[in-house]
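Me: I am new to this structure and would like to learn how to read it feature by feature. Could we go slowly, with the general idea before each case?

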Amino acid sequence: MGLRNWYDATVLPRIIRLGCSSPEIAELRRQVVPLARGAVLEMGCGGGFNQPLYDSAQVTSMAGIDPNGALLAAAREKAAERGWQVDLREGVGEAIPFPDESFDTVVCTYTLCSVDDTARVLAEMRRVLKPGGRLLYLEHGKAPDPGPQRWQRRIEPVWKRMMGNCHLAREVGGAIARAGFTLKPVGQEYFKGAPRWAGWMEWGVAVKAG
Ligand SMILES: C[S@@+](CC[C@H](N)C(=O)[O-])C[C@H]1O[C@@H](n2cnc3c(N)ncnc32)[C@H](O)[C@@H]1O
């Protein structure tokens, strides 16, 4: 195993676990994840951090994809502990291994920052949603102010190498709207307790026209 693979398989999942499992982040998740309905696909489902927040009475089936084997295994384990029947597959959002119009809801939290091709992933999520289906998003991204933006540009090249390709300065709402969704933002703010270059958050619902 090369150094990169070792890092991604052992160190990175621990860092992601630490960063993604805080109660403060859970507060933001709680504003979008329980809105999931029907057949649900979670993009970047690794770690299973959203699982406690789904309204099981509203979800008829649960699928997910993630390229990180260690994080995917953790998500499968958590689902098994809940007694859920799930279809969690190793894969990437750039090529979602499900047919067109197969989901009512796609959930995407803290994942668009890490994919290789944001536009491609958004197009794929749109493809697998049924007409009228909803993308529930919660992402960090490009800060609205020039000061933090400057720091994002400086830090991003090193940050993304250490943090599993996590980009600091990607647009969130703008990119989702450009992919053909109708945006219904729920919130946006600098996350308290994080530096502003790392803490600009946007979350909401994006609808695929019916
Ligand atoms: C910061 S973690 C967030 C995990 C989870 N979505 C959450 O909200 O806690 C980023 C996740 O995106 C996954 N990821 C990276 N590249 C991806 C891609 N091209 N397609 C789908 N998921 C990807 C990573 O493996 C990781 O599980």
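Me: What should I know about the model and its numbering before going on?

Reply: This is a predicted model, in which local features need pLDDT of at least 70 and side-chain atom pairs count only at pLDDT 80 or more, while totals for chains, interfaces and linings use all residues. Residues are numbered from 1 along each chain as its sequence is written.

Me: How do I check the span of helix α5 (residues 146-162)?

Reply: The expected span of a helix is 1.5 Å times one less than its number of residues. The 17 residues of α5 should therefore span 24 Å, and the end C-alpha atoms are 24 Å apart, which agrees.

Me: Where is the kink in α5?

Reply: The bend at a residue is the angle between axes fitted to the seven residues ending there and the seven starting there. In α5 a kink of about 55° lies at E156, shortly before the proline P157. P157 is exposed, because 10 other C-beta atoms lie within 10 Å, and its C-alpha atom is separated by 8.3 Å from that of H167, 10 residues apart along the chain.

Me: What does α1 (3-20) show when I read it in this way?

Reply: In α1 a kink of about 40° lies at V11, shortly before the proline P13. The buried residues of this helix are L12, P13 and I16, and what covers them includes α3 (69-82).

Me: Which residues touch the most other members of the largest nonpolar core?

Reply: In soluble globular proteins, nonpolar side chains tend to be buried together. A nonpolar core is a set of buried Ala, Val, Leu, Ile, Met, Phe, Trp, Tyr and Cys residues joined through C-beta atoms within 7 Å. Here the largest core has 45 residues, of which V106, V107, C108, M125, L135 and Y137 touch the most other members. Strand β5 (residues 129-140) gives the most to this core, with five residues.

Me: Which residues come nearest to the ligand?

Reply: A residue is near a molecule if its C-beta atom, placed from the backbone, lies within 6 Å of it. Of the 23 residues around the ligand, G44, G46, N68, G93 and T109 come nearest. The elements that give two or more residues to this shell are α1 and β2 (59-66).

Terms used
Helix = DSSP H or I, 4+ residues; strand = E, 2+ residues; numbered from the N terminus. Buried ≥ 20, exposed ≤ 12 C-beta atoms within 10 Å, placed from the backbone. Contact = placed C-beta atoms within 7 Å.
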